[in-house]
Amino acid sequence: MIRFITFEGGDGTGKTTQLKALESHLQSKGCSCVSTREPGGTSLGKLIRQLLLEVGNQAIASPTELFLYLADRAQHVQEVILPAIDGGKIVLCDRYTDSTLAYQGYGRGIDFDLLRQLNQFANRGVKPDLTLLLDCPVELGLSRTAQRQSNAGSARGREDRFEREKVEFHEKVRAGFLAMARAEPERFRVIDAARPMEQVSREIQIIVDREMG
Ligand SMILES: Nc1ncnc2c1ncn2[C@@H]1O[C@H](COP(=O)(O)OP(=O)(O)O)[C@@H](O)[C@H]1O
Ligand SMILES: [Mg+2]
């Protein structure tokens with residue numbers, strides 16, 4: 001029985017869009033779900049998210065960035081994810097541990113063994129049952145987030161700090177996610193996120209329905 005589903009992938013791959021679509025699908029089948037995200041899934045986490053956003057152009061040292069994400073996750077697991085799983089709900093989470101490995105490991109170059117240990121400490125060993133990796137070319141994802149921001153009339157967001165990174169950074173992150181998916185094929189499903197939203201949603205529904213039996 002799957003209880004904990006994470007959405008991973010680069011910016012603009014459609015994680016937030018697809019999480020909402022899956023939530024509606026599961027609710028229409030009578031499943032009780034909790035949708036949440038990282039960073040910012042708790043009230044403390046919202047402050048951390050704000051810290052990550054609001055430093056604007058100011059550089060954040062890599063370890064500082066890492067610890068802020070881990071602090072957010074530790075609180076999120078304790079306050080939201082574990083209680084929901086224990087309460088029999090299905091948890092849908094927009095980014096989780098794999099994002100730390102992709103961005104801070106493959107992207108920033110922090111040692112993987114160290115990251116794995118710190119992740120394990122922060123998440124208390126709580127692992128997703130299923131991880132949907134939304135994958136599309138970096139340029140496509142970035143063009144979608146640029147569009148999203150101009151629609152929202154705001155140039156601020158967590159993604160902005162990463163958006164200022166060069167395309168090469170995002171390529172490393174994308175390759176990192178794909179390498180993790182290859183290494184753990186039983187947990188990951190790689191979804192071609194370059195297709196229209198409805199097609200992506202349908203594929204995700206089929207995968208999740210099948211996994212749920
Ligand atoms: N398959 C798709 N095709 C075209 N546009 C999409 C698709 N999925 C999402 N979008 C749009 O791209 C932008 C980024 O999607 P979003 O779900 O916020 O991505 P993420 O959460 O992965 O950063 C949004 O404006 C969304 O409406
Ligand atoms: Mg999002």
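Predicted model: local features only at pLDDT ≥ 70, side-chain atom pairs only at ≥ 80, totals over all residues.
**Reading the labels on this model**

Me: Why are H6 and H8 called roughly perpendicular to each other?
Reply: The axes of H6 and helix H8 (residues 167-183) cross at roughly 115 degrees and come within 10 Å. Angles of 65 to 115 degrees count as roughly perpendicular, under 35 as roughly parallel, over 145 as roughly antiparallel and the rest as oblique, so H6 and H8 are roughly perpendicular. The axes are lines fitted to C-alpha atoms over the stretch in contact, with angles from 0 to 180 degrees between N-to-C directions. H6 passes H8 in a right-handed crossing.

Me: What makes H4 oblique to H8?
Reply: The axes of H4 and H8 cross at roughly 130 degrees, coming within 8 Å. That angle makes H4 oblique to H8.

Me: On to ligand 1. Which residues come nearest to ligand 1?
Reply: Lys 15, Thr 16, Thr 17, Arg 148 and Arg 195, out of 14 residues around ligand 1. A residue gets in if one of its heavy atoms lies within 4 Å.

Me: How do you know that Met 197 makes a polar contact with ligand 1?
Reply: A polar backbone atom of Met 197 is 3.2 Å from a nitrogen atom of ligand 1, and the cut-off for a pair of N or O atoms is 3.5 Å. Arg 144 passes too, with a polar side-chain atom 3.3 Å from a nitrogen atom of the ligand. So does Gly 14, where a backbone N or O atom lies 3.0 Å from a ligand oxygen.

Me: How much of ligand 1 does the protein bury?
Reply: The protein buries 80% of the 560 Å² that ligand 1 exposes when taken alone, using the Shrake-Rupley method and a 1.4 Å probe.

Me: Which helices give two or more residues to the shell around ligand 1?
Reply: H1 (15-28) and H6 (138-152) do, and H1 gives the most, with 3 residues. Helices here are DSSP runs of H or I with at least four residues, and strands are E runs of at least two.

Me: Where does Pro 39 lie?
Reply: In the loop between strand E2 (33-37) and helix H2 (43-54). A cis peptide bond joins Glu 38 to Pro 39, with omega about -10 degrees.

Key: Residues numbered from 1 in each chain as written. Chains lettered and ligands numbered in written order. Heavy atoms only, no water. Polar contact = N/O pair within 3.5 Å; in protein donor to acceptor, adjacent residues only side chain to side chain. Left-handed = near helix turned anticlockwise from the far one by under 90°.
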